[in-house]
Every structure is written in C-alpha cells, then in structure tokens.
Amino acid sequence: MIKIEDLSFSYPKASRKNLDHLHVEFPGQTVNMIIGKNGSGKTTLFDLIANVIKRPSEIQGIPDEKEIIYQLQGLLFPLTLKAKDLFRFFLYSDHSNRIEVNNEPYVDGAMSQAEVDLVQRVWNMEFGQLSVGERRYLCILAITLMKRKLYIFDEPLAGIDPEMRYHILKRIEKLALHNEFTVLVSNHHLQDIANIQCVLHFIHQGKITFSGSYDTFIEMGDGVNPDLAFLEQVK
Amino acid sequence: MKITREYFRLFTKMMLSNKVAFVWYLLFPLIAFFIFNYQWFTQGPEINEFYIQTSVFVSYIIFVMSIDVTTNLISLRESGFFKMFKFISGSKYPIIWGKALNQIGFLFLTILLFSLVSGVIFLGSFGQVALFLAVSLTSCILGSVMVILLTLILMLLPVRQESLNAVVSMSLLVMFFLSAKGLAYSTEYGLLLVFINPMEYVRNLTFLLAEWFMDSPFPHLSLINMSFITLCYVTCGLIALKFVKVISRTHRT
C-alpha cells in the first residue's frame, strides 16, 4: 500500500501550491482511480510517486524504480511502423521481459474475444492506419504484460471511443485484481468507472477531498450521473 | 545491450521513414563539395590541399549529425517518450546509447559515401583513396563520440528544441566560416578557438590522423592541447549523462 501524509508541493515560480497538505492511501489489488479537474495535481502526484520529480519522505511504500511502470498518452512513433513491430518494441525494451514476439498476433487467456479479434485485425497494419484507440490499446496491452509492483496510467482513456475505453479499463482491472500490485489511473471519463471495481480518489486544489467507492461518489450528485457528483465536489 | 539494440532499431526505422532528410544528409555535402572545388575537375589537387579542403566538409558533416543526438533526445523528452521508456527499460541510458549508436551508424555511412566518391574522383591511386577513407572514417568515429558527449550538456539547459535548433543553425554558419578560414592556426587564441568550435576540433583531429597515417605535415594543435580539449569534452558528457532529466526543463510532459 502506498501511503501519503501531509504532502505539499509547488513548482518553482508557481503562484499556488500544486499539492496542499495532501493525505491519501492507495491500496493494492484494486484500481485506484484518481479523478479531478485539469490542473488539479494528478500528474504532479504521479511524478512525485514515480520520483520523476524528487520524491519527498511524505510518500511511503513505493517500490524500487525498476519495479514501476509509468504510461503516458500520445507518444510519437513512425507511422510506417507496423503494429506488431510497435508491440515488439514495447516488450523488448522492457528490462524484465520474458515474452517472445513473432509474426503471429499476440493473444492470451485474459483477453476477451473482442480484444483477440482486434489484435488479429491490426497486427500487420501500419501504426499510421490505426485509430488512436487501437494504438493506445496495443501500448496498454504491452504495458500490462510487464512485470512490476506499481503501475501508473496517466489518462489512458483520453480521446478514445467507448468500446476501446471499455477494453482498456478491463485490461487494467484484470491486472489490478489478479495480482498483488498497486495500480494508479487518472481519468476524466467518469461513466466508464462504473464498469470496473475500483477505489475513487478525488483531487481538488491539491487535496484529496474524497476517497471511496463509485457508488458512494455518485450519491453526492443525483445517485446516477457521476458528472453531477463531480460538479458538487468542485463547488 | 539487448535493450539498447531495440532502441537502435527503432531510431533507425524512424530515420529511414524520413527519406528526404536521409537522402539530403547523404547528398548535400557532396554537392556542396563539388561546387566549392569545381576547379579540381580541370586540374587535380595536391594531396595536402585535398585533405585540407575535405576536412572542412568532413568536420561539418560530423558536427551537424552528431548534434542531432542531443536535439532528438530533447524532442523525445518533450513528447514524454523519454519519461515513459525510462521506466520501461529501467534506465535512461539505453535510450541515449541507442540514439547515439544510430546516429554514428548513419554518420559513418555518410562519411564513407562522401570520402569514397570524392577520393575516387580526385585522388590518383587506390592506395591514396584507401588511406583517405581510413583517415576520414577514424576521424568520424572519434570525432562524433566527442561531439556527442560535448553537446549532451545542452540537455541540462532549460531550452526548447526549436530554440536550440535556431541557435545551432546560426552558430553552424559562424563555426563553418571560422573553421574554413583557418583562424585557429593564425592567432594566439588557437586553443580557445578549437575548444569552443567542435567543428574545428574535428578538423584538427582529422589533421592529426592524416599526419600519423601519411607522415606528412598538417596544421593542427599539439597533441597535448588536443588531449586537454578531449578531456573537457568527455567531462561535459559524463556530467550530462549523470544529471540529464527525463522530463522537459521548459514545460510539463
């Protein structure tokens, strides 16, 4: 479990604190879904946890840096690179990789039929011909195959359609539920969260203002629409 | 090593996907060289004159392609690639080695093509061409490693890739003319001029090697001075490698 006690942080020359006396606990074996407005401090928190920005002593329970993976959105790759080459590159650049990639599409038992169909369809396509969602799914599929103790996904669902969002979230959920890992995900698509088991953490003005289940969260709105609960939180 | 090879492979594919730039890198120095020395088609050059003229182009190519390692790494850092893949690979170094090896590989090809074509056309014998290839390719490998190490220090500065490109483009022009004018040998500030002008450093390296290989005198700094500058370049590189950050120094990724 990751435990953060009374963490404050601000960037040099910043007019306000990015994180302000923040307290939170991120348990293992579940998806820790961090939500909040743009600029609320989600990525700053991730950067501090991952030691991209020097990690202060207020953050406890972080594994060694080699046991962390940090996924970002929207990376640039040559458009002529085939999907299988991209997948291969992700796995073969992983320092702990034991998986061999060949010309056959990668499938495993944890994938749904829709995911198997997707991988088989795009395997020999060029990166430039894939949709944003297909690209992101391939990257996340590769990342979930990497053996780590802490997984950080920074907005893995940004800019992609509901079907791909569903597959990506399910993949991340399986990773979190079936192993003793800590999984942190930042996300703005609140409706999607209903599809998975997770703990929600709401960050606002540098503080965690809510930690709990999705059901408890939506009760703060009309009990149905999570966006209303979100608006209630930022009032 | 296996991970470095993967980055080398990726960066090679990236480079080959930009065919116009690749061909331009290969052909532009040759075209410029022939335009500058068109009179050699009617009357062949003296061997020393040939080395002096070609060294300007060899050092230009080496400098321009070597500094691309730093500008490309800054670009990767600004896009978030560096941050994410540092965690995937467990270290920032395979990314840096992969890029440096990829660039040195292409540089080697460019220098090979340039030296082979210019040597075959303007040198009298196979032996002279072989000797010229040995000098330029050795200079290419040694010079590129030193220039890459030196320019990595730019990654510690809070400068955007586009700003760096503008500074490099303008500095390149000045460095090229300072080098072509041979000011390093005609003033008492020769050491300083070579030190601050990596292009001139590579040119001196080429002359040193040419002198060793051919046993013929060329104008260059003493071996002690060259060793001192080399040591400074290596020190800059080691400092940069240790302290280079995986996140942009100018904006959030």
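Which side chain does Asp20(A) meet in a salt bridge? I looked it up: the partner is Lys207(A), at 2.9 Å from N to O. The rule I'm using for a salt bridge is a side-chain nitrogen of Lys or Arg within 4 Å of a carboxyl oxygen of Asp or Glu.

Ground rules before I go on. This is a predicted model, where local features need pLDDT of at least 70, side-chain atom pairs count only at pLDDT 80 or more, and totals for chains, interfaces and linings use all residues. Residues are numbered from 1 along each chain as its sequence is written, chains are lettered from A in the order in which they are written, and side-chain values use heavy atoms, with hydrogens and water left out.

Back to that pair. Asp20(A) sits in strand S2 (residues 19–26) of chain A and Lys207(A) in strand S9 (residues 207–212) of chain A, so the two are 187 residues apart and link distant parts of the chain. I take strands as DSSP runs of E, at least two residues, and helices as runs of H or I, at least four, numbered from the N terminus. Asp20(A) counts as buried, at 18% relative accessibility, while Lys207(A) comes out partly exposed at 36%. My cut-offs: buried is under 20% relative accessible area, exposed over 50%, partly exposed in between (1.4 Å probe, protein chains only).

Next entry, a local pair. Lys170(A) and Glu173(A) form a salt bridge, with the closest N and O atoms 3.1 Å apart. Both lie in helix H5 (residues 162–177) of chain A, three residues apart, about one turn of the helix. Glu173(A) is buried, at 7%.

How many salt bridges does the rule find across the interface of chain B and chain A? I get four, and the count over all chains is 14.

Last, the interface itself. I find 23 residues of chain B in contact (heavy atoms within 4.5 Å) with 31 residues of chain A. In chain B, Met84(B), Phe87(B) and Ile88(B) lose the most area to chain A, together 28% of what that side buries. Buried area here is the accessible area (1.4 Å probe) that two parts lose on being put together, summed over both.
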